Amino acid sequence: MLRRLREWLSIKSERRLRAWLIGITLIILVFKLLIIPYPWPELPPESCTYPPIEGGRCGFVFDEAHYIPAARRMLQGEAVNNEHPPLSKALMMLGILIFGDNPYGWRALITICGAASVYLVGLIAYELTKSFRASVIAAALLGFDITSFNLSSIAMLDAPALAFSLLGAYLYLRRRPVFSGLAFGLALLSKLSTAFILSAILLFDLAKASYKEASFRGAMRSWIRFVERICFTAIIILIIGLGIYDYSYKAFQTPFEHLDFMLNYHSGLTFSEGDVVDMPLTWTNPIFQFPRASYFVVAVQVDSLKTYHPIAYYGMQTPLWWMTWIVFIFAIYLAYTRLRSGEFPDLELFTLCWLLTNYLIYFPLAHILHRWVYSFYFYNSVPVIAVAISRMLEGERFSELILYLLLAGQICFFLYFFPVKPQWYIDLLLWLGLPA
Amino acid sequence: MPIRREVVYAAGIASFILSYIIHSPSLSKPIYSDIVSFWYREGWSTRLRIPYIEASFEYPPLSGFLTFLAAALGSNITSYYSIFSAIILVFYMIMLEIVIRLCEERGVGLEHALILICLSPSMILYMVYNYDVIFASLLMLSLFLLLRRRLTSSAIAFSAASLVKLINLITLPFILMHVEGWSDRIKYALISLGIFAAVNLALWALNPDFIDSTYLYHVRWGLENAWYIIFFPSSGSWDTAKLFGMLLMIYGLLKVYLHDGADLIQRAFMALSVFLLTNYVFTPQMLLWLPPLLAVMGCLPIPYFFLDLANAGIILLWFETPNPLAPGSPPQLLALLRAVLLFIILLETYFAPRGVRVAEKIKRVA
C-alpha cells in the first residue's frame, strides 16, 4: 500500500511533473478563490470611485484603492492612472464586466495570474535544473509564500506583470525568443518595472553567449540577434498596447509621449530626509526586518483581553526571503566552481542576473537616487530564490533536511498568516494560545 | 566616356564659387550661412575675442581656431567671409583629390565624385556654410592614410577631424579593428585620442567652463530635424526622445561594428549614417559627410538624388516657415523624407555583401 502510494507520488516524467505543478497551482488557486470576497465593500461603487475614498469601507486592500477606482473610471471612458501601463487594469475591467463590480470582478483574473506564476516557476525550475523534485519544491515555496500570495490575490498590477514575465523567461529558456518577447511585451504593458526582469534575461544571455562563442565579436553578434528578437518584439507590443490605450482614451498624442510621462513620473518619486522608507536590506535581513505592513486588517475585540483578526493581509518577510543572501553567496561560489570545471553555470548565473536587476538594483536607486522603494518590490525576486534554493539544497541528506524545513516553515507562515481566517480556525488558534 | 579628373576639379571649383556667391554677405538677400552668423553673433566687428578663453564657442577647438583665424585676418565681414571660404576651399580640394585617388585605385568611375561631391544641390548650398566640408575632408584624409598604412599620419588626421566634429570618435572602433596587431592599435588610439585629449585639456585648464559651453551645450539642445519628432511632438518629452535616439544609435553602431562583409569606407559610411539617423540633431549640412564615402564606394543610389533634394529644401524652406521645428512643418516633412531615403541607402549598403554572396551562389548553381 505504502509502496503504491510512494510510486503514485513519485515524479519520473515531465508529464508527471506537470501534473504535480498543476496540483500545487490548483491548491493555491482554491485558497485564493476562497478569500476573494473578503473584504466585501460596505459602500456602493459610486462612493468609491472619486476621491476622497474610504479604502476600508470600500473593501479595498492596500493599493487597490488606486487601481479599482481607476478601472471603474476607465470603464466610464476616462483616462486615469496614466503613470502605469493599462493591461493589469484592463484585466480588472474585464473581470468587472464578467463578474460585476464586486471583489470577484476586481480580483478574479489577477488571482488566476498569481496562481499561474506558481506553475510557471515550476517549469522554469525544471528548465534550469532538470530536477523534478527541485521544480516541485520551487513551485511550492513560491505558492506558499504568504506575502507573494497576498499580493497576487488582490487587484494590483504586480501579479499579471510577474506572470507574463515568468512566461517570457520560460519561453526564453525553451528557445522561443519571439514568443518570449511577446510575453515580456505583455508584462511591460502590465507594469513597467518588469523591464528589470527583461534586463536580467538580456544579461544572462550575454553571459551565455560570451561563454559559448569563441570570440567577443561572435558573442556580441549572437547576443544582438537575441536582443532583436526579444526586445524588439516586447517593445513593439508595449508601444502597440499603449497606442491603443492612448488612441481610445485620447490620453496622449503618441505612445512615446505616454512612455515619457511614465518615466518622468517614476523617476520623480523621491523621498526626503525624515521620510520613513523600508530600505532594500530590511526586506531580506531577518534581524533588522522592515515593520510588518498591514495591507488590510480587521480587528475584533471579544472582551478587554481577547482580540483576533478574521481578515489580515500583511506584507512581511517569510523564511524564503531570509534565504536571499545565502542564495546569492552560494550562486557566486557555485558559478565560479562550475566555470572552473568547464561547465556553464546556467542556474547560478540566471539567479545572479535576476537578483542583480530585480533586488540589488534597488540599493543604488534608494540610497543614491533616493527613489521611494517598497518592500513589496521584492515580489519579483521571490521566484528565483525559490528556484535556486530548491536546487542548491538538493542532493545531500542534511541540506535536503534544511530544504524540507524551509518548505515547512513557508507552509507554517502561510497557514498562520493566512489573510482570511474562518471562525473555527480562529478558535483553534486561540485555543492553542496563539494570537489569531 | 570616362570622366577626367580635370573635369571633376573644374566642376568642384564652379560649385564652390556658386556656394560662395549665394551665401555672400555682400548680397542684399543671401541664403543663410552659419559662418556669416558667427561674425555678427560673436561681435567680432567691434572686438575680436578668443573663442573658448574669452568667449564660449559651441564647436570643437579646431573649428574655433579656424574661425578665429578668419576673423583675425579679415577686418570686416566680407574679408572674414572670403578668408573663411578660402580655408573651406583648401579642405574641399584636399577632399576632392583624396576621393579621386581612391576612386582611381578602386576602379570606380569619377562620375560618382562629379555628381556626388561637385554637382549635388546640398554640396552647393552647404559648402560655405559650416565646418562639415572641413570635417569630411579630414575624415577622408585619415581613412586614406590608414589604407596606405601610414598610421601616425592617419591618427593625427583622425584627431584633427575629431577636433572639428566630435562625432568622428564613433568611427574609432572599426578603424582600430582595421589596424593589424595590438601594438599598432594601441599606438593609433594613443596618438589619435592623445592629441584630441591634450588640446581639450589645455583649453579646460585655461577656462573651466570650456567643456560645458563647448560640448555640454549640445546636450541641452532640443530635437532638430530628427525623424522621431513624429513620436515626440511636444518638447516636454524630448529628454525621452534623446534617450530613444541614443538607444537606437547604440544598437545601430553595434550592428555596424559587428558587420563582417564591409570594408573600411563602407563601415565609415554606415556608422555616420546611423549617427545621422539616430541623433536628435540632423542639421542639413551634416549630410555632406556622406557623399565622399559614397563616391569612393562607387555607389550612386537612386534614392540619394531625392534625399539630396529634400536636404537642400530644408534650408530653402526654413526661413519661410513660421515654426520650422514644429512636427508637420515643411522642413520637418522634408527631414522625414530624407531619413526614410537615407535608411533605404543604409540598408542597401548593409545587406550588399549578403546580396553578392547570394548572387554568387545562384551563378554557381546555374
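**Entry: two helices in chain B**

I began with the H2(B) to H4(B) contact. From H2(B), I listed B:Ile35, B:Val36 and B:Trp39; they meet B:Ile77, B:Tyr80, B:Tyr81 and B:Phe84 of H4(B). By class I get 7 nonpolar residues in this contact, with no polar and no charged ones. A reminder to myself that this is a predicted model.

Next I looked up the geometry. H2 of chain B covers residues 34-42 and H4 of chain B covers 77-106; their axes come within 10 Å and cross at roughly 140 degrees. Angles over 145 would count as roughly antiparallel, so I have H2(B) and H4(B) down as oblique to each other. The crossing of H2(B) past H4(B) is right-handed.

**Entry: a loop residue in chain B**

I went on to B:Tyr52, which sits in the loop between H2 and H3 (61-73) of chain B. Its phi is positive, about 75 degrees, and it is not a glycine. I noted this since most residues other than glycine have a negative phi. Is B:Tyr52 buried or exposed? I find 24 C-beta neighbours inside 10 Å, so B:Tyr52 goes down as buried.

**Entry: where the chains touch**

**Entry: the core**

The largest nonpolar core has 238 residues, and I wanted to know which of them touch the most other members. They are A:Val121 and B:Val99. Helix H6 of chain A (residues 103-129) gives the most to this core, 16 residues.

Leaving out neighbours within four places in sequence, A:Val121 is in contact with A:Ala138, A:Ala139, A:Leu142, A:Leu166, A:Pro383, A:Ala386 and A:Val387.

**Entry: H6 and H9 in chain A**

A:Leu166 turned up again when I checked H6(A) against H9(A), where A:Val121 is among the H6(A) residues in the contact and A:Leu166 among those of H9(A). Others I wrote down from H6(A) include A:Ile110, A:Cys113, A:Leu120 and A:Glu127, and from H9(A) they include A:Ala159, A:Pro160, A:Tyr170 and A:Leu173. The tally by class is 17 nonpolar, 2 polar and 1 charged.

H9 of chain A spans residues 158-173, and it packs on H6(A) at an angle of about 25 degrees, with the axes 8 Å apart. Angles under 35 degrees count as roughly parallel, so that is how I describe H6(A) and H9(A). Their crossing is left-handed.

Most peptide bonds are trans, so I went looking for exceptions. The bond from A:Tyr38 to A:Pro39 is cis, with omega near 0 degrees. The bond from A:Pro51 to A:Pro52 is cis too, again with omega near 0 degrees. Where do these prolines sit? A:Pro39 is in the loop between H2 (14-35) and H3 (55-58) of chain A, and A:Pro52 is also in the loop between H2 and H3 of chain A.

I also flagged A:Phe62, which has a positive phi of about 55 degrees without being a glycine. A:Phe62 lies in the loop between H3 and H4 (64-75) of chain A. There are 20 other C-beta atoms within 10 Å of A:Phe62. The cut-off for buried is 20 or more, so A:Phe62 counts as buried.

A:Phe271 and A:Arg371 are 100 residues apart along the chain, yet I get 6.2 Å between their C-alpha atoms. A:Phe271 is in the loop between H13 (255-267) and H14 (281-284) of chain A. Beyond four places in sequence, A:Phe271 touches A:Val277, A:His370 and A:Trp372. With 13 C-beta neighbours inside 10 Å, I have A:Phe271 as partly exposed.

My last pair was A:Arg397 and A:Phe60. They are 337 residues apart in sequence, and C-alpha to C-alpha they are 46 Å apart in space. A:Arg397 belongs to helix H20 of chain A, residues 397-416. I count 6 C-beta neighbours inside 10 Å for A:Arg397, so I marked A:Arg397 as exposed.

Conventions. Residues numbered from 1 in each chain as written. Chains lettered and ligands numbered in written order. Predicted model: local features only at pLDDT ≥ 70, side-chain atom pairs only at ≥ 80, totals over all residues. Axes fitted to C-alpha atoms, helices over the stretch in contact; angles between N-to-C directions. Helix = DSSP H or I, 4+ residues; strand = E, 2+ residues; numbered from the N terminus. Parallel < 35°, antiparallel > 145°, perpendicular 65-115°, else oblique. Left-handed = near helix turned anticlockwise from the far one by under 90°. Contact = placed C-beta atoms within 7 Å. Nonpolar A, V, L, I, M, F, W, Y, C, P; charged D, E, K, R; others polar. Core = buried A, V, L, I, M, F, W, Y, C linked by C-beta atoms within 7 Å. Buried ≥ 20, exposed ≤ 12 C-beta atoms within 10 Å, placed from the backbone.
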